[in-house]
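Good morning, and thank you for coming. Please look at the sequence and the structure, and keep both in view while I speak about charged side chains.

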Amino acid sequence: MPISEMKSDLSSGAEQRFREAFERLKLGVPQEVPKGSKVSQNNVAKEAGCDPSALKKARFPLLVLEIQEWINTHQIDQPISDRQKNIKQRKKNRTTKEALEALKIQRDIAAGLLADANLIILELSDKVTDLQTRLDQLQPTAHILSLRK
């Protein structure tokens, strides 16, 4: 058997495995990847028991095109896998934690500014009281005469 025929037999066998894996993923009954995994070129290769780099467009152009078309037409219909849900929840939690930390920093800054403002108010109140006392000592209020009539 010539080498070219052996290669075509090997590639047709590999292509058949990829096609079967593609069908299992489309039906949602994978054997190699976790259930609920989305259909992708990499997942088809993994489901076929191969390295993701084995399913190349150069070697299997029609199959890769079919996979890409199926993904484009069924993009909305695919349910989110548990793993993707967990990742999304972790990101949400992380963003919530980051927001909480930012709010704590803002709260601490605001509390510091408020404490500074209270200190200034106390100092100014003391100053006003002191000045009022000095004014009262300089001018007794009972003997003030108005110069304007």
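The side chains of R107 and D108 form a salt bridge, with 3.0 Å from N to O. By salt bridge I mean a side-chain nitrogen of Lys or Arg within 4 Å of a carboxyl oxygen of Asp or Glu. Side chains of opposite charge can pair when their charged atoms come close. D108 has a relative accessible area of 44%, so it is partly exposed. Here, buried stands for under 20% relative accessible area, exposed for over 50%, and partly exposed for what lies in between, with a 1.4 Å probe and protein chains only. The areas themselves are computed with the Shrake-Rupley method, and for residues only the protein chains shown count as cover.

Before I continue, please note that this is a predicted model, in which local features need pLDDT of at least 70 and side-chain atom pairs count only at pLDDT 80 or more, while totals for chains, interfaces and linings use all residues. Residues are numbered from 1 along each chain as its sequence is written, and side-chain values use heavy atoms, leaving out hydrogens and water.

How many salt bridges does a search of the whole structure find? The search gives 6. One of them joins E15 and R19, at 3.1 Å from N to O. Both residues belong to helix α1, which covers residues 3–27, and they stand 4 residues apart, about one turn of the helix. Helices are DSSP runs of H or I with at least four residues, numbered from the N terminus. E15 is partly exposed because its relative accessible area is 25%; R19, at 24%, is partly exposed as well.

Another salt bridge links K104 with E101, at 4.0 Å from N to O. These two residues are in helix α4, 3 residues apart, again about one turn of the helix. K104 is partly exposed at 34%, and E101 is partly exposed at 44%. Salt bridges with shared partners also connect E15, R19 and E66 in one network.

Let us turn to the surface. Which residues gather there in a patch of positive charge? They are K46, R83, R90, K91, R94 and K97. A patch takes residues with over 30% relative accessible area and no salt bridge, and joins like charges within 9 Å. Lys and Arg count as positive, and the charge is placed at NZ of Lys or CZ of Arg. Helix α4, residues 82–138, gives the most to this patch, with 5 residues. K97 lies in helix α4, and K97 counts as exposed because its relative accessibility is 59%.

Note on methods
Patch = residues over 30% accessible without salt bridge, like charges linked within 9 Å, V, L, I, M, F, W, Y side chains within 5 Å. Areas by Shrake-Rupley, 256 points an atom, 1.4 Å probe, with all protein chains shown as cover.
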